[in-house]
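Please look through the sequence and the structure shown below before reading on.

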Amino acid sequence: MIVVDEAGMAGTRQLAPLLDAAETAGAKVVLVGDPHQLPEIEAGGMLNALTRLLDPITLAENRRQHELWERDALAELRTGDVDAALDTYQAHGRLVTGPHPIVVRQTMADDWWAARHAGEQVVMLAIRRSDVDDLNGRARRHLEAAGVVHGPALEIDERQYQAGDEIICLYNDYRLDVRNGDRATIEAVDSDHRTMRIRTAAGLRTLPAEYLDAGHVAHGYATTIHKAQGATVDHSLVLGTDDLYRQAGYVALSRGRTTNTLYTVGAPEPDLDLTHAPQRDNRPSADLVRDALHRDASKDLAVESADQRDDWGIGGVERRRLVTELEALKDLPPPAVDDDFGLGL
């Protein structure tokens, strides 16, 4: 049996050769994930379609969030009742607004430092890499002031790295025994040879200049929402921007056990040049974020799209064949699945 975890992010081109190989070998493939979390980047829709065509095994109890009201609000956000969910977050002080994007990001970094200084696990999340980089820089200034980072500095992509810094690896290198997403603390840097000795959960590793200069490391105090899927911390601090969407918001606001907080700009920046600049939406950023979270980014299989265009065409025939095969699978014994919440197919 082959188990594919986080199957909602697996595109069609990734799954197809795996399913072909499994069919050839007579193996069973189990897809595990949540179709309401982050969707595939490329063409996909398999897990989403199977949840509609089959009766999936579901884990309905949320064991991660401590507060019962937050579990209910997340369930509303997950299924698309965005306004009810955000109203609940606001009533419990989990929507923080500021007058300007810089103020909002600095407030996030200050709250991050307060939680970290208290010994809590905390992460800042954003959808844009540029925002993540800015938040990492603000967090690191707190660490510099407190003397947490020290010793010689190694500059990579205009960012300083020292002993005590926490990093995330961004590229698989099996020769170095590091994986994309590995988190580590820097033990020492050699600025002359441009190497970095790090401590991961698996032990000490040394990253050479070619790995570092290729941009395969970043500070790990803030990260993208995509990198955070699957993570669990005490506190999740989420930067609200108008390029969020429902699945990203749901993932970001479900990482924290104790608190999950959304930070937005409470009022628009003044538009000083109305003559030449294109008209823009001057509603408060918080309203734009609320609208953005209504967007559903889930994907459909190509055969389903073809079926909608022409029920008697090739797409319709293929879809009916797929449905027939899936109906036959319902008689098979269910696989055992163990996860906090989600579903297995």
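**A walk through the predicted model**

Arginine 290 has a relative accessible area of 17%, and because buried means under 20%, this residue counts as buried. The structure is a predicted model, and within it arginine 290 belongs to helix α10, which covers residues 285-292. Once the neighbours within four places in sequence are left aside, the residues in contact with arginine 290 are Val82, Asp83, Leu86, Asp87 and Gln90.

Helix α4 spans residues 82-91 and carries tyrosine 89, which is linked with tryptophan 69 of helix α3 (residues 68-79), 20 residues away in the chain. How are these two residues placed, buried or exposed? Both tryptophan 69 and tyrosine 89 are buried.

The aromatic rings can be taken up from here. A pair of aromatic rings is described by the distance of the centres and the angle of the planes. The model has 3 aromatic pairs by the rule applied. In the pair of tryptophan 69 and tyrosine 89, the centres lie 5.7 Å apart and the planes make an angle of 80°, which is an edge-to-face arrangement. Tryptophan 112 and tryptophan 113 make a tilted pair, with 6.3 Å from centre to centre and 35° between the planes. Tryptophan 112, at 2% relative accessibility, counts as buried because the limit for that class is 20%, and tryptophan 113, at 18%, also falls under that limit and therefore counts as buried. Together with Tyr221, Trp112 and Trp113 form one aromatic cluster.

Leaving out residues up to four places away in sequence, threonine 224 touches Leu125, Ala126, Arg129 and Val132. The C-alpha atom of threonine 224 is also separated by 5.3 Å from that of isoleucine 127, although the two residues are 97 apart along the chain.

The empty spaces come next. Rolling a probe the size of a water molecule over the atoms shows where empty space is left. The second largest pocket has a volume of about 550 Å³. Of the 23 residues in the lining of this pocket, Val122, Val123, Arg183, Gly220 and Val233 are the closest to its centre. Two or more lining residues come from each of α5 (101-117), β5 (122-126), β8 (166-169), β9 (183-190) and α8 (225-228). Sorted by class, the lining of the second largest pocket holds 10 nonpolar, 6 polar and 7 charged residues.

How many cavities of 30 Å³ or more does the count give? The count comes to 1 cavity, and the largest cavity holds about 70 Å³ of space. Its lining includes Gly8, Asp34, Pro35 and Gln37, and among the other lining residues are Asn48, Ser298 and Lys299. The lining of the largest cavity consists of 4 nonpolar, 5 polar and 3 charged residues.

The chain as a whole can now be set around these details. It contains 12 helices and 16 strands, and 43% of its 345 residues count as buried. Of the contacts between residues at least 6 apart in sequence, 67% join residues at least 24 apart. The accessible surface of the chain is about 17,700 Å², and carbon and sulfur atoms account for 51% of that surface.

Definitions and conventions:
Residues are numbered from 1 along each chain as its sequence is written. This is a predicted model: local features need pLDDT of at least 70, side-chain atom pairs count only at pLDDT 80 or more; totals for chains, interfaces and linings use all residues. Side-chain values use heavy atoms; hydrogens and water are left out. On a 1 Å grid over the protein atoms alone, a cavity is a set of points where a 1.4 Å probe fits but cannot get out, and a pocket is an open set with protein on both sides within 12 Å along at least five of seven lines; lining residues have an atom within 4 Å of a point. Grid points are joined across faces, edges and corners, and a volume is the space filled by probe spheres set on the points. Helices (H or I, at least four residues) and strands (E, at least two) are DSSP runs, numbered from the N terminus. Ala, Val, Leu, Ile, Met, Phe, Trp, Tyr, Cys and Pro count as nonpolar, Asp, Glu, Lys and Arg as charged, and the others, Gly among them, as polar. Buried means under 20% relative accessible area, exposed over 50%, partly exposed in between (1.4 Å probe, protein chains only). Contact means heavy atoms within 4.5 Å. Accessible areas come from the Shrake-Rupley method with a 1.4 Å probe; for residues, only the protein chains shown count as cover. Rings of Phe, Tyr and Trp (its six-membered ring) pair if their centres lie within 6.5 Å; planes under 30 degrees apart count as stacked, over 60 as edge-to-face and the rest as tilted.
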